[in-house]
Amino acid sequence: MSSLFRSVKTLKNSSSHLLRRGYGSEAVPERKVAVLGAAGGIGQPLALLMKLNPLVSNLALYDIANTPGVAADVSHINTRSEVKGYMGDAELGKALEGSDVVIIPAGVPRKPGMTRDDLFNINAGIVKGLCEAIAKYCPNALVNMISNPVNSTVPIASEVFKKAGTYDPKRLFGVTTLDVVRAKTFYAGKAKVPVAGVNVPVVGGHAGITILPLFSQATPKANLPDEEIQALTKRTQDGGTEVVEAKAGKGSATLSMAYAGAIFADACLKGLNGVPDVVECTFVQSNVTELPFFASKVRLGKNGVEEVLGLGALSDYEKEGLEKLKPELLASIEKGIKFANQ
């Protein structure tokens, strides 16, 4: 059985689990998910993966162009959700109305030689406009921010929502799941353990040295030498660049990001539906450190963030990494806040 079909089977099992939990004749509650930027490199595979998720009853696909074709294509898949495509500013409100979860992969991808910071001026404006619409049409939705640089776009969204009087820190998430996915994969390869059973928390932010995988807390435990831990840390931090360079100017991490985005959206839906003990790493408003936003383990529930969990015990190497990342992460957060308020 392929990994894709195993994933679909797992998602179907989650539907059965919810049915057993007492949702009556409905397999699962009705849930609308909107994908903003659904015709892009991340958006298209993300739309496919959300169509495969049985927790989704209504899938709204929005972009500035080509959405009708993507929606028609995805709509032919024989799964539960009804799919509709929306295109252009005039249809953004309809795409958002009634959404429980809004996923935002909109924006331009990184190209060779481009840092996440280079993306800022383009993507910041796109995110600001989309968040103004979210505040108007679905202010209670859980917002999953994928658009880079996440370290800045999440603070931008928070400021937009504050201005609109709709900000709820429990409902705004920066999707850092790809860092976790990479850390798990790279760790499993070095530790020579099955990747399916691996867990590695990743904290901090979502760019370069702000990404801090906590390999000292990885399970199953493997006593890797310090130099291998340092190499794994650097590879996790540089994972996006690795893909950009491998694609030689023809793309960035679109497929793995879509997978990670689908994993996190699924966790949000499970939390909304009352599944207990749903924990994922994500970039949220936080008091775990002195920084206003920070990625760490978060327990998800019916209102979004139920609890922001602490960092746990860190190795000396991780403590050093934590202190190194703080100034850079703070600068990115402040840059986003400044942009939103100009």
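Helices (H or I, at least four residues) and strands (E, at least two) are taken here as DSSP runs, numbered from the N terminus. The structure is a predicted model.

On that basis the chain has 11 helices and 11 strands. Its radius of gyration is 19 Å, close to the 20 Å that the globule rule gives for 342 residues, so the chain is as compact as a globular protein of that length. Along the principal axes, the C-alpha atoms fill a box of roughly 50 × 50 × 40 Å. Of the 342 residues, 53% count as buried. Among contacts with a separation of 6 or more, 70% come from residues 24 or more positions apart.

The accessible surface comes to about 15,000 Å², and carbon and sulfur atoms hold 52% of this area. The chain carries 38 positive and 33 negative charges, whose mean positions lie 4 Å apart.

| Feature | Angle | Loop |
|---|---|---|
| cis bond, Asn148 to Pro149 | omega about -5° | Pro149: between strand S5 (142-145) and helix H6 (150-164) |
| cis bond, Thr219 to Pro220 | omega near -5° | Pro220: between strand S8 (211-213) and helix H8 (226-237) |
| positive phi, Asp277 | phi about 55° | between helix H10 (255-272) and strand S9 (278-285) |

Exposed means over 50% relative accessible area. Asn66 has 56% relative accessibility, so this residue counts as exposed. Asp277, at 61%, therefore counts as exposed.

Definitions and conventions:
Residues numbered from 1 in each chain as written. Predicted model: local features only at pLDDT ≥ 70, side-chain atom pairs only at ≥ 80, totals over all residues. Heavy atoms only, no water. Rg over C-alpha atoms; globule rule 2.2 N^0.38 Å. Buried < 20%, exposed > 50% of the residue type's maximum accessible area, 1.4 Å probe, protein only. Contact = heavy atoms within 4.5 Å. Areas by Shrake-Rupley, 256 points an atom, 1.4 Å probe, with all protein chains shown as cover. Lys, Arg positive; Asp, Glu negative; His and termini not counted. Charge placed at Lys NZ, Arg CZ, Asp CG, Glu CD.
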